[in-house]
Amino acid sequence: MYFANAGDSRSFLASYINGKARILYITREDKPSLPEEKARVEAMGGEVYIPDPARGGTSRVVYKDKYGSMNGLAMSRSIGDWDAQARGVTSKPLVEVISLPDILADQAIGSCMNIGAMGEMYVDAACIPVDPEEIQFFAVSGSDGLFDFVEPAEVAEAVGDGLFKEGRHPLSACQELIMDAASRWYKAKKGSYRDDIAISVSKITIPKAQQIVDNYSIDV
């Protein structure tokens, strides 16, 4: 599974086992304050503004657009924002490749893995692993308007329940998360501003889950 991210939205992969959601991988926010991002922007002649922590706010790439107006972009990677790209902002995403079979095997028998005296890995024969067919996976992408006020773990729990818990629905879960984020924005900004709030959800199916785990066990 490929994760490609450019900007301050975030995506994550999560598992859902026995009514509990767990984030397995999450992308970062591409902020100008990150050392490698700041170095690239400044090398291209751009300027990075980093606010006083006591006052709050976010780091920005400061640049002039084609009309001569000053702008501050709150991300170091972006699809678009052409004027900022001339000052070190890039549309090139960071790409992470996740092996779903490895993730599945880790979730199923990872709790039964031990390290021997010589550093070798082995499976505890007395341990009862999770049934691979009972492990559910899903992916979520959300804008910073969501994640600025709702923790990823909260999002994972709500979406996991919406997808897999009886009596729940993923659409209702997403609507509730958006309303929750909007309410927190309103309280924080006293109704003066709210960023865009967006979320997308994908249920992930891994065929022949038991066979994958059996093969993994043999290799170990």
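Predicted model: local features only at pLDDT ≥ 70, side-chain atom pairs only at ≥ 80, totals over all residues.
Stop 1: Select strands S4, S5 and S6, which form an open three-stranded sheet in the order S4-S5-S6, with antiparallel pairing. S4 (47–49) and S6 (70–73) are the edge strands; each has a single partner, so one side of each has no neighbour in the sheet. On average, neighbouring strands here are turned by 35° against each other, direction ignored.

Now pick S5 (residues 60–64) together with S6: four bridges join them in the antiparallel sense. Which residue of S6 stands opposite Tyr63? Click on Asn71 to find it.

**Stop 2: helix H5.** Move on to residues 152–164, the 13 residues of H5. Colour its buried residues, among them Pro152, Val155, Ala156 and Val159. What do the buried residues of H5 pack against? Show strands S2 (10–17), S3 (20–26), S10 (136–142) and S11 (199–204), along with helices H4 (144–147) and H6 (170–189).

**Stop 3: the cores.** The largest nonpolar core has 19 residues, and Phe12, Phe138, Leu146, Val155, Leu177 and Ile199 have the most contacts inside it. S2, S10, H4, H5 and H6 each give two or more residues to this core, with the largest share, five residues, coming from H6.

Centre the view on Ile199: its contacts beyond its sequence neighbours include Val140, Leu146, Val155, Cys174 and Leu177. To finish, select Phe3, Ile103, Ala108 and Ile135, which belong to a second, separate core of 15 residues.

Note on methods
Residues numbered from 1 in each chain as written. Heavy atoms only, no water. Pairing = 2+ DSSP bridges. Axes fitted to C-alpha atoms, helices over the stretch in contact; angles between N-to-C directions. Expected span 1.5 Å × (residues − 1). Buried < 20%, exposed > 50% of the residue type's maximum accessible area, 1.4 Å probe, protein only. Contact = heavy atoms within 4.5 Å. Core = buried A, V, L, I, M, F, W, Y, C linked by side-chain atoms within 4.5 Å. Lists of a residue's contacts leave out its neighbours within four places in sequence.
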